[in-house]
Amino acid sequence: MNLPSIIALIFIFSGCSPALKDQTPTTKPISPTAIEAAIHQHLDHFYPALFDSINGGYYTNLDFDWTRSKNQDKMLVTQARDLWMASMAAQTFPANDLYQKAAKHGYEFITQKMWDNEKGGFHLNYSITNTQKKEQYKLLYGNAFVLFALAEYSKIDSSLALRQWMTKSFNWMEENAHDNKFGGYFNVMLTEELKTNTPENKALIKKMGWGDPSWKDQNTSIHLLEAFTTLYRVMPEQDFQTRLKEMLILVRDTMTRDNGSLKLYFTQDWHPIDHSDSSKAYILKNQGTDHVSFGHNIETAYLLIDASKALYGTVDSTTLAVAKKLCDHTIRYGFDQNFYGLYDRGYIFDDQMEIIDRKKSWWAQYEAWHTLSLMSNYFPSDTVYLTAFQNMWNYINTELVDSTYGGQYNYGIDTAPKNRQQQKAHAWKGPYHDGRALMLVWEYLKNGQLKIDN
């Protein structure tokens, strides 16, 4: 029996339908040497190019050819992700002191310039002109990434001051965003002025794009899970363990649907925001608050496994089963033919999944690629994971990697060819997703956790 037939049978017995019609072998070899080369090519574009020696922290915007863009205002999430990546690179390549210096540079800027000394918490934005606009809200999503980055940085800096920053950041989240009644965290914390119920304030809150402030959301929750996982590993204290367990259970058992997909938003008491009873026109118009995000689903599979390993030393069976369900749902519905890229969004209309956004975002491709390699280790008999992993590597190198200027496009050029001229780095794109994926896969290959026949 040939490989496509085996894959089809696997899906038949697992209740899934295959995402590929025939097998297309990868044209790019996957080996420790190849992945190490990709890591260096990736990091070399960002460090030291991100160093902002004038204003501190990291530059935000780099053009398609890696020249520095004019606007260099800073956003908390970007600064935190760049710090996290520099910290991980410093551990991976300790002989290169560039990454240690880059991490220290980012740590000092975030803690000295972005912390709100009056009200606590980290500001979302920083203007290099020093003409700060009046802040009307704080975002837990950004603060979660700072905690994640600080915890990773603590692996190369064991100072008491850094440990105090981690504790202070965590305590601010507890006091300002944790829901002691229903569990979990709120993402948006408004100023008292913005809380006033006026038409102007309602319009401004909607324009912010983070959903209703009374809701809880998937994206913030999974990155809190990520942050608490790293925090607990470096500081195994009871309070951190309690919140890590809470978020693991919420994401795994409450936020994940029976069909193997995550909802995006929830009411305070965890009822999902669901438009499925509305018209198709309404659903498409309001898809920002209710759609299937294939990239987040498959990324969460990894984050759940990692959280469980941090808590218990090995992944527990319940968590592994849910992670597999998230991955299998993505395989069944989210991939292009022959696993040639992962689509951004889908929605189920009349019991049929429809792709409502066919773009293939760079971060989702790398998160999927890494998670597929991880699942192939846990489920080696399910050869579909390894097949998808290999074909995704082909897609990444063919449609995402810029062969002229280097780096990754924002979207695969098969579905978004115009983004060849788009920025290589901006507020929502840095070295984090792809860098992590490359380094983790490299580690699996070196440790023998991932076996590939090229």
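D351 is out in the open: its relative accessible area is 72%, so D351 counts as exposed. You'll find D351 in the loop between β8 and β9, and its phi is positive, about 65 degrees, although D351 is not a glycine. Keep in mind that this is a predicted model.

**The β8 and β9 hairpin**
- Strand β8 covers residues 345–349 and strand β9 covers residues 352–357; the two run antiparallel, with five bridges joining them.
- To see the pairing for yourself, look for R345, which stands opposite D357 in β9.
- Two residues sit between the strands of this hairpin, and D350 has a positive phi near 55 degrees.
- D351 also belongs to the loop between β8 and β9, and has a positive phi too, of about 65 degrees.

**Another positive phi: W270**
- W270 is not a glycine either, yet its phi is positive at about 75 degrees.
- Look for W270 in the loop that runs between β6 (265–266) and α11 (280–285).
- Is W270 buried or exposed? Buried means under 20% relative accessible area, and W270 has 9% relative accessibility, so it counts as buried.

**A cis peptide bond**
- Y47 and P48 are joined by a cis peptide bond, with omega at about 15 degrees.
- P48 lies in the loop between α2 (32–46) and β1 (74–75).

**Helices α5 and α9**
- When two helices pack, the angle between their axes and the distance between those axes are what describe the arrangement.
- Here, α5 (residues 140–153) packs with α9 (residues 218–234) at an angle of about 25 degrees, and their axes are 8 Å apart.
- Angles under 35 degrees count as roughly parallel, which is why α5 and α9 are described as roughly parallel to each other.
- The crossing of α5 past α9 is left-handed.
- Which residues make the contact? On the α5 side they are L140, Y141, A144, F145, L147, F148, A151 and E152. On the α9 side they are N219, T220, H223, L224, E226, A227, F228, T230, L231 and V234.
- Sorted by type, the residues of the α5 and α9 contact come out as 12 nonpolar, four polar and two charged.

Technical notes:
Residues numbered from 1 in each chain as written. Predicted model: local features only at pLDDT ≥ 70, side-chain atom pairs only at ≥ 80, totals over all residues. Heavy atoms only, no water. Axes fitted to C-alpha atoms, helices over the stretch in contact; angles between N-to-C directions. Helix = DSSP H or I, 4+ residues; strand = E, 2+ residues; numbered from the N terminus. Parallel < 35°, antiparallel > 145°, perpendicular 65-115°, else oblique. Left-handed = near helix turned anticlockwise from the far one by under 90°. Contact = heavy atoms within 4.5 Å. Nonpolar A, V, L, I, M, F, W, Y, C, P; charged D, E, K, R; others polar. Pairing = 2+ DSSP bridges. Buried < 20%, exposed > 50% of the residue type's maximum accessible area, 1.4 Å probe, protein only.
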